[in-house]
Amino acid sequence: MGRHFFESLHNAALALILCCLAGTAAAEPQHGIAMYGEPALPPDFVSLPQANPDAPKGGQIILGEAGSFDTLNSFITTGQPASGTTPLVVETLMGRSYDEAFSLYGLLAESVETDDSRSFVEFTLREEARFSDGSPVTPEDVLWSFEKLGKDGNPRYAAAWSKIATAEATGPRSVRFTFNTADRELPLILGLRPILKKAQWEGRDFEASGFEPIIGSGPYLVDHVDPGVSVTYRKNPDWWGKDLPFNRGLWNFDTIRYEYFSAGASQFEAFKAGVVDSFRETNVVKWDKAYDFPALAAGTVVKSEIPHKRPSGIEGLAFNTRRPLFADWRVREALILAFNFEYINQAITGGVQPRIQSYFSNSVLGMTPGTPAEGAEKALLEPYAADLLPGTLEGYALPVSDGGASNRKNLRAAAALLEEAGWSVGSDGVLRNAEGQPFTFEILLTVGQDEMAAISAMYIEALKPLGITATVTMIDSAQMKVRTNAYDFDMTHYIRSLSLSPGNEQLLYWGSAGVTAEGTRNWPGINSRAVDGLIATMVGATNEEDFTSAVRALDRVLTAGRYVIPIWYADRARIAHKATLHYPERLPVYGDWLGFQPDLWWYED
């Protein structure tokens with residue numbers, strides 16, 4: 001009996017030692033990190049799979065942007081930043097491979113270390129990492145950047161900072177962050193934080209906008225700024241990271257310039273005239289019929305269709321549910337019914353663009369419209385059943401019209417819902433509530449949003465039979481940022497691109513804190529216990545199956561919430577560009593043109 005006891009004790013001790021050794025192995029420094037499982041690339045990878053390691057260097061690319069800009073500081077709430085600061089000028093500790101759902105590899109950091117529960121993360125900086133002024137990137141810069149961004153930067157940085165219990169330098173090139181909250185995504189989020197040079201900001205107001213170039217460690221320097229008109233970046237000949245495998249085949253242009261235009265039409269005309277080198281076309285009808293200018297006929301401009309496999313995301317007209325007018329879901333459903341998608345889609349795109357059915361449609365993460373929640377999705381939703389809007393558990397699908405201009409059936413259903421919500425049409429044909437207030441609202445758009453203006457004009461006409469008066473107000477991009485940061489609008493164009501690896505950013509998009517905290521991306525004012533809880537469940541998932549179920553449940557709550565009137569999405573990028581611009585044959589699995597232009601493109605005659 002004694003011998004068996006000691007044998008059992010020996011075996012238990014051996015198991016404990018092996019367990020500890022396994023835990024230690026899991027916490028060893030690694031070259032990369034994945035949200036689930038292991039990163040696909042080995043430590044000795046040569047380049048990212050979608051990059052062309054032999055891409056020629058040199059030349060320039062000129063890209064067009066809508067609107068204007070009034071600052072080079074893209075890390076604060078104040079002002080409208082110029083495009084390109086990150087990643088052209090400022091780098092992150094790790095970089096993302098868009099050939100995988102969510103995997104990061106060392107950039108400024110040569111290694112990342114965490115444990116099985118991801119209760120901490122430690123980054124070790126590359127010894128050769130340098131800012132553009134030649135000074136080394138140090139743990140002090142990393143610690144200062146995280147704290148400054150978390151406390152004084154754009155609100156998108158605050159949530160991660162609040163989850164850090166301690167931040168400390170653990171060596172001459174190492175920093176460790178220990179967490180106060182269970183969040184498996186946090187090590188990856190911190191790996192993507194921009195690293196700024198602390199010394200540049202000493203004695204300066206970090207939150208002040210302006211045009212002084214930021215000192216970063218990235219491949220480019222700010223070469224010239226014409227405020228509000230253009231910004232030019234020039235390749236840094238002394239860039240420390242030019243020989244890293246992660247960067248091989250990336251950042252091939254000597255010069256990258258962004259030109260700004262007040263309207264989409266003027267940007268397209270500039271492209272036709274050769275002022276801009278590339279143009280993304282979102283209008284399918286225009287893509288098929290309007291590209292008949294001389295440069296295309298001569299072959300100096302070509303058309304490329306580049307498919308993608310990411311979720312549709314959400315785009316359309318968002319209700320500001322902070323406004324009493326849109327607080328009732330029945331009113332929102334009525335206005336969704338009045339939006340004659342089939343007729344508008346035919347008029348604008350020729351009817352070829354598919355409608356966004358849910359926030360994660362076109363992907364494995366999307367719910368199945370019109371079907372009841374079952375299995376794990378249902379189990380995740382049931383604790384919130386008392387708060388869920390009709391259709392969340394039972395199944396919700398967007399209304400479909402007969403494609404005619406009148407949309408009579410849906411308008412009758414809309415009128416019934418409005419009456420149920422306390423609105424009625426008087427003898428003057430005006431829809432009013434019990435207090436006699438007319439149903440009127442403003443659709444806020446940015447100058448240059450020509451397509452959305454056309455959509456809104458058709459929608460306004462469709463609302464008139466219901467006794468509703470809507471108007472469109474066009475403002476510049478700087479004014480739009482001020483007003484949307486303060487949620488000062490009734491309805492506005494809303495677009496949120498989503499990926500196959502949603503995480504903590506979902507709280508910034510739809511979390512209830514954004515109802516009152518200014519500057520978040522929760523423009524609709526979504527205030528849902530279920531949304532907050534399902535995001536927490538999603539982020540805490542330890543395997544892909546649980547993660548997928550949580551996202552699908554979240555998709556149901558958001559879609560049935562009737563927060564946005566969805567329009568269409570493109571399952572491919574349609575890009576017209578100069579024939580001297582090229583991109584790799586192998587495209588990122590999870591990216592579209594936004595993910596690899598100008599990163600992976602190159603110039604070649």
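Helix H12 (residues 408–420) contains 13 residues, which at 1.5 Å a residue should span 18 Å; the end C-alpha atoms of H12 are 18 Å apart, which agrees. The expected span of a helix is here 1.5 Å times one less than its number of residues. Helices (H or I, at least four residues) and strands (E, at least two) are DSSP runs, numbered from the N terminus. The structure is a predicted model, in which local features need pLDDT of at least 70 and side-chain atom pairs count only at pLDDT 80 or more, whereas totals for chains, interfaces and linings use all residues. Residues are numbered from 1 along each chain as its sequence is written, and side-chain values use heavy atoms, with hydrogens and water left out.

Within H12, Asn 410, Leu 411, Ala 414, Leu 417 and Leu 418 are buried. These residues cover an arc of only 120° around the axis, which puts them on the same side of H12; the arc is that of the directions from the helix axis to the C-beta atoms. Arg 408, Lys 409, Arg 412, Glu 419 and Glu 420, on the other side of H12, are exposed. Buried means under 20% relative accessible area, exposed over 50%, and partly exposed in between (1.4 Å probe, protein chains only). The buried residues of H12 pack against helix H9 (329–338), strand E16 (431–432) and helix H13 (450–463), where contact means heavy atoms within 4.5 Å. Gly 422, which follows H12, has a positive phi near 100°.

Helix H3 (residues 139–152) includes Ser 145. H3 has 14 residues and reaches 19 Å from its first C-alpha to its last, close to the 20 Å expected at 1.5 Å a residue. Its buried residues are Pro 139, Asp 141, Val 142, Trp 144, Ser 145, Phe 146, Leu 149 and Gly 150. Among the elements against which the buried residues of H3 pack are strand E6 (120–125), strand E8 (174–179) and helix H5 (186–191). Ser 145 has a relative accessible area of 0% and is therefore buried. Apart from neighbours within four places in sequence, Ser 145 is in contact with Pro 194, Ile 195 and Leu 196.

The loop between E8 and H5 holds Asn 180. With a relative accessible area of 46%, Asn 180 is partly exposed. Asn 180 touches Ser 162, Lys 163, Ile 164 and Ala 165, when residues up to four places away in sequence are not counted. Asn 180 and Phe 120 are 60 residues apart in sequence, and their C-alpha atoms are 9.2 Å apart in space.

An open sheet of three strands shows antiparallel pairing in the order E1-E4-E3. Strand E1 (32–34) and strand E3 (94–96) each have a single partner strand and stand at the edges, so one side of each is left without a neighbour in the sheet. Two strands pair if DSSP finds at least two bridges between them. E1 and strand E4 (residues 103–106) pair in the antiparallel sense over three bridges, and Gly 32 has Tyr 105 as its bridge partner in E4.

The protein chain as a whole has 18 helices and 23 strands. Of its 605 residues, 53% count as buried. The C-alpha atoms of the protein chain fill a box of roughly 90 × 75 × 50 Å, taken along the principal axes. Among contacts in the protein chain with a separation of 6 or more, 74% are accounted for by residues 24 or more positions apart.
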